[in-house]
Amino acid sequence: MQRQWLKMARQVGISILVIALAVQAYLLRGSQFTNVTTFAPTVQTTKVPTLLIPGWGGNTWTYQRFIDYAARHHYAQHTMTIWVAPSGKVTVKGHVQGVKNPLIQLLYTWNYTPTYQGQVKQLTRVLLLLARDYQVHDLNVVAHSYGGTEWLHAYIANPQLQRQLNFHRVILLGVPTDESFGAKTKYTQTLFKRSVDPEFLKLTHQIQTAHLGSDDHLYNWMGQTQPGTDGEVPIVQSEMLRSLIKNKHVHYHQRIFPATNHLQLHQKPTILRQICQVLWGKGNS
C-alpha cells in the first residue's frame, strides 16, 4: 500500500511539473510580430528601436497590450523578441534593421529569483549583443518595476555600454531605485544620506564617473492607489532616482498617476497613449 501511495505521489509530482513547464513555455512564447506600413500623421518615424524590459516575474503578457496598442494606433511595430537565460544564453528572433519605430520585446526565461542581480548581468549581455551583432547604438527603453532597476544598474556600472549605446528616451514605470524607505517616508533631496540600501549606495558611487548624454530624457512615472504607494512599490523608492542623477545633465521628468496600481502602469490605455507620445509623438524629437 505504501509503495502504491509513493508511486501515485511521484506521478502527481511529475504531472504538476509538466503542467508548470507548459505554463511557463506559454508565458514566454513571445508576442506576435506586428507590421505597420502607414504611420499616423502625428507620429515621428525613426530607426531607433525601443526595448521593452519586464519586471520580476514578467513575461509575454507584460507588454502585450502595449504592443497591440502601438500597432493598432499606427505608432510602432514589434519586429524582434529576445530571450535570455540565467546561463547567459541569448536567443533572438526577428530583426530591426531598416524598420521604422521597431519594438524589441525582452523575455527572461527565469526571473523569479529573490534578487535582481542575475537579471542585471543578463540584461548587460543582451545590450552588448545588440550593439555588437545588430549595430544598435541608439536605443529607447520602457521598463517596468525591477526591469528598470536592472537597467539602471546595468548601464550606470558599465563604461563599455555607455560608449557603445546611447539611450535617448527611457521610461521607467514603478521602478524602485532605493529600497531603504517605506510608503510613509516623505521624499526630500537629503534623504539619500539616510539610505541603507547597498545597491543604491553602489549606484551613487558608480554614477559619479558614468557618462549620461545631455540630450537624454529620463521619465520616472509612478502609480498611486493610496498615500505613498502603488500597492507594491512605495513612491519614495522611485522618487530617489532624482537624488541619484541630481548632478547629471539629463532631462528628468517625474509624474505620479493617481488611482493607478503597479500593474496598471503598463496596462492602462491612457498611460499607453502617453508612452507612445513620448517615444514617437511629433515635436518630442
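The model is predicted, so local features need pLDDT of at least 70 and side-chain atom pairs count only at pLDDT 80 or more, while totals for chains, interfaces and linings use all residues. Residues are numbered from 1 along each chain as its sequence is written, and side-chain values use heavy atoms, with hydrogens and water left out.

**The sheet**

Start with the strands. Helices (H or I, at least four residues) and strands (E, at least two) are DSSP runs, numbered from the N terminus. Eight strands make an open sheet with mixed pairing, in the order E3-E2-E4-E1-E5-E6-E7-E8. Two strands pair if DSSP finds at least two bridges between them. Select strand E3 (90–94) and strand E8 (251–258) to see the edges, where each pairs on one side only. From one strand to the next the twist averages 15°.

Next, select strand E2 (residues 77–84), which runs antiparallel to E3 and is joined to it by five bridges. Val-84 stands opposite Val-90 in E3. The hairpin of E2 and E3 has five residues between the strands, and there Gly-88 takes a positive phi near 100°.

**Helices on the sheet**

Now show helix H4 (residues 146–156). H4 packs on the sheet and touches strand E1 (50–53), strand E4 (102–108), strand E5 (138–144), strand E6 (166–173) and strand E7 (217–224). Contact means heavy atoms within 4.5 Å. The direction of H4 makes about 140° with that of E5. Axes are lines fitted to C-alpha atoms, for helices over the stretch in contact, and angles run from 0 to 180 degrees between N-to-C directions.

Helix H7 (residues 235–244) is the next selection: H7 lies across E6, E7 and E8 and runs at about 165° to E7.

On the H4 side the contact is made by Leu-152, His-153 and Ile-156, and on the H6 side by Glu-199, Leu-203 and Gln-206. By class, three of these residues are nonpolar, two polar and one charged. Ala, Val, Leu, Ile, Met, Phe, Trp, Tyr, Cys and Pro count as nonpolar, Asp, Glu, Lys and Arg as charged, and the others, Gly among them, as polar.

On a 1 Å grid over the protein atoms alone, a cavity is a set of points where a 1.4 Å probe fits but cannot get out, and a pocket is an open set with protein on both sides within 12 Å along at least five of seven lines; lining residues have an atom within 4 Å of a point. Grid points are joined across faces, edges and corners, and a volume is the space filled by probe spheres set on the points.

The largest cavity holds about 110 Å³. Its lining includes Trp-151, Phe-167, Leu-218 and Val-250. H4 gives the largest share, four residues.

For the second largest cavity, of about 30 Å³, select residues including Pro-54, Tyr-108, Gln-119 and Glu-150.

Finish at the largest pocket, with about 310 Å³ of space. Of its 19 lining residues, Trp-56, His-144, Ser-145, Glu-232 and His-262 lie nearest its centre. The lining divides into eight nonpolar, ten polar and one charged.
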